[in-house]
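Subject: Structure for you to look at

Hi,

Here is the structure I promised to pass on. Please open it first, then read my notes beside it.

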Amino acid sequence: MTAAAVTSAVIKRNAATAMGTFVQIPTNDVCLVDAGKDDQKICIHIKNSITNATHTAVISKGNGLQGVKDLEISIAQSSGVVTVVESGAYKQMSGDNKGKILIKDKSTTNTNALQVAAVVLP
């Protein structure tokens, strides 16, 4: 399996910014959102493209001191959610995915339901 990289849009104050492209969460793998800057806030948009089932996205806890538990978000059929996460709690501080936030579909029989885009807030 290969993790999918999400390219975040970076917002500047008082200016319009194009939304980043949504990336499909690979079956039984993760999307990687870059959280390379210190103390940044990241707005993550997750949408469920399945028309007949709710899916749960899991934002994995970081492996630093602030990473204490995963964040699970239920997403109704054919809808989307937006959440802001603090990089200290969810960023990987070491290992192969250092500087990344990992997002996966809780379902192990994923039908390519969830898509992710991200925005770095000013």
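Below is what was found, from the whole chain down to single residues.

This is a predicted model, so local features need pLDDT of at least 70, side-chain atom pairs count only at pLDDT 80 or more, and totals for chains, interfaces and linings use all residues. Residues are numbered from 1 along each chain as its sequence is written, and side-chain values use heavy atoms, with hydrogens and water left out.

**Whole chain**

The chain holds one helix and ten strands. Helices (H or I, at least four residues) and strands (E, at least two) are DSSP runs, numbered from the N terminus. Starting at that end, the order is β-β-β-β-β-β-β-β-α-β-β. Along the principal axes, the C-alpha atoms fill a box of roughly 40 × 35 × 25 Å. The radius of gyration is 14 Å, which agrees with the value near 14 Å for a compact globule of 122 residues. That radius is taken over C-alpha atoms, and the globule rule is 2.2 Å times the number of residues to the power 0.38.

Of the 122 residues, 43% are buried. Buried means under 20% relative accessible area, exposed means over 50%, and partly exposed lies in between (1.4 Å probe, protein chains only). Now take contacts, meaning heavy atoms within 4.5 Å. Among those with a separation of 6 or more, 72% join residues 24 or more positions apart.

**Strand β10**

Look at β10, residues 114-120. Seven of its seven residues are buried. Both faces are covered. L114, V116, A118 and V120 lie on one side. Q115, A117 and V119 lie on the other.

Which strands pair with β10? Two strands pair if DSSP finds at least two bridges between them. Here are the partners:

- β2 (residues 9-10) pairs with β10 in the parallel sense, over two bridges. A9 has V119 as its bridge partner.
- β3 (residues 23-24) runs antiparallel to β10, with two bridges.
- H45 stands opposite A117.

E72 is in strand β7, residues 71-75. Is E72 buried or partly exposed? E72 counts as partly exposed because its relative accessibility is 45%. Leaving out residues up to four places away in sequence, E72 touches T56, A57, V58 and K106. K106 is 34 residues from E72 in sequence. In space, their C-alpha atoms are 8.3 Å apart. Their side chains are joined by a polar contact of 3.0 Å. A polar contact is a pair of N or O atoms within 3.5 Å; within protein, one must be able to donate a hydrogen and the other to accept it, and residues adjacent in sequence count only if both atoms are side-chain atoms.

S60 is in the loop between β6 (55-59) and β7. S60 counts as buried because its relative accessibility is 12%. Setting aside neighbours within four places in sequence, S60 contacts D70, Y90, Q92, L102 and K104.

**A charge over a ring**

Last, find K47 and F22. The charged end of K47 sits over the ring of F22, 4.1 Å from its centre. This label requires NZ of Lys or CZ of Arg within 6 Å of the ring centre and within 35 degrees of the ring normal.

Best wishes
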